[in-house]
Amino acid sequence: MIRWGRIAAAYAVFCAVALALTWPRGGPLHYPRAHDGPSPLGEGSAALWSLGLGIAFGLALIVASRITVQRYTWAQRLHLELQPFARSLSPTAVIVLAVLSSAGEELLFRSLLQPWMGLWPQALLFGLVHQLPGSSRWVWATWAFFVGLALGALFQFTGSLWGPLAAHALVNGVNLMFLKRHEVGPLAEPSRLVALPDSDACP
């Protein structure tokens with residue numbers, strides 16, 4: 001099995017474990033509110049609100065990633081470090097990984113761990129497991145931390161996992177294709193200080 005196939009299989013295992021552990025409490029798609037009170041949106045509309053907000057958040061993240069890659073060296077460096085893996089994927093592999101990675105991570109971190117650990121600890125753990133070898137490891141981990149925090153807040157506020165699932169799958173699928181196809185220019189070199197001539201010096 002090729003590399004992306006092993007990753008897909010690992011995410012499938014995450015899904016199975018999270019489903020088995022969350023099913024007894026009423027299923028993985030609903031936030032357990034024993035200590036948080038009822039959803040402010042009501043049970044009937046929670047899934048729709050969650051899905052709409054999740055799609056909007058996913059689109060905002062996609063736009064933000066395009067802007068940062070165009071403007072900031074740290075984003076360009078991260079793009080270059082992630083690009084070799086994205087280029088090894090076929091369009092089918094991108095779709096499979098987008099679906100399985102979003103399902104596996106949302107079921108594990110948001111549905112299973114968040115009600116037990118809390119919003120901030122699950123986001124911190126989510127960020128830490130998104131480190132990668134290279135100079136951009138903490139950039140990627142920090143980005144993942146804030147994304148995990150936002151997705152966890154969406155899950156807790158709406159009481160439905162549909163929004164985080166949709167946002168995660170949308171971002172992963174679109175951004176993997178962006179990584180695969182988009183070329184960044186040469187990284188900007190740090191500006192060098194130019195010594196000014198001493199005004200008191202003789203010509």
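1. A crossing of two helices is called left-handed if the near helix is turned anticlockwise from the far one by less than a right angle, and right-handed if clockwise; by that convention, the crossing of α5 and α6 is right-handed. The structure is a predicted model, in which local features need pLDDT of at least 70 and side-chain atom pairs count only at pLDDT 80 or more, while totals for chains, interfaces and linings use all residues. Residues are numbered from 1 along each chain as its sequence is written, and side-chain values use heavy atoms, with hydrogens and water left out.

2. On the overall fold, the protein chain has seven helices and zero strands, where helices (H or I, at least four residues) and strands (E, at least two) are DSSP runs numbered from the N terminus. Of the contacts in the protein chain with a separation of 6 or more, 80% are between residues 24 or more positions apart, a contact being defined by heavy atoms within 4.5 Å.

3. Buried residues make up 40% of the 203 residues in the protein chain; here buried means under 20% relative accessible area, exposed over 50%, and partly exposed in between (1.4 Å probe, protein chains only). The protein chain exposes about 11,600 Å², of which carbon and sulfur atoms supply 70%; accessible areas come from the Shrake-Rupley method with a 1.4 Å probe, and for residues only the protein chains shown count as cover.

4. Returning to the pair named at the outset, helix α5 (residues 119–128) and helix α6 (residues 137–158) have axes that come within 7 Å and cross at roughly 145 degrees. Axes are lines fitted to C-alpha atoms, for helices over the stretch in contact, and angles run from 0 to 180 degrees between N-to-C directions. Residues of α5 including Trp120, Ala123 and Gly127 meet a set in α6 that includes Trp138, Gly148 and Gly152.

5. The loop between α5 and α6 holds Gln131, which counts as partly exposed at 26% relative accessibility. Not counting residues up to four places away in sequence, Gln131 touches Arg137, Trp138 and Ala141. Gln131 and Thr142 are eleven residues apart in sequence, with a C-alpha to C-alpha distance of 8.9 Å.

6. Helix α4 has a right-handed crossing with α5, the two packing at an angle of about 140 degrees with their axes 8 Å apart. The axes of α4 and α7 come within 8 Å and cross at roughly 145 degrees, and this crossing is also right-handed. The contact between α4 and α7 is made by residues that include Glu106 and Arg110 of α4 and His168 and Asn172 of α7.

7. How many salt bridges does a search of the whole structure find? There are two, a salt bridge being a side-chain nitrogen of Lys or Arg within 4 Å of a carboxyl oxygen of Asp or Glu. Arg110 forms a salt bridge with Glu106, and the closest N and O atoms are 2.6 Å apart. Because Arg110 and Glu106 are four residues apart in helix α4 (residues 91–117), they are separated by about one helical turn, and both Arg110 and Glu106 are buried.

8. A salt bridge also joins the side chains of Glu183 and Arg87, at 1.9 Å from N to O. The pair links distant parts of the chain, with Glu183 in the segment after α7 (162–181) and Arg87 in helix α3 (residues 73–87), 96 residues apart. Arg87 counts as partly exposed, at 41% relative accessibility.

9. Val13, Phe14, Val17 and Leu21 make a nonpolar surface patch of about 340 Å². Patches are made of residues with over 30% relative accessible area and no salt bridge, with like charges joined within 9 Å and nonpolar side chains (Val, Leu, Ile, Met, Phe, Trp, Tyr) within 5 Å. Leaving aside neighbours within four places in sequence, Thr22 is in contact with Gly27, Pro28, Ser111 and Leu112.

10. Ala46 has its place in helix α2 (residues 43–71) and is buried, with a relative accessible area of 5%. The C-alpha atoms of Ala46 and Phe157 are separated by 9.0 Å, although the two residues are 111 residues apart along the chain.
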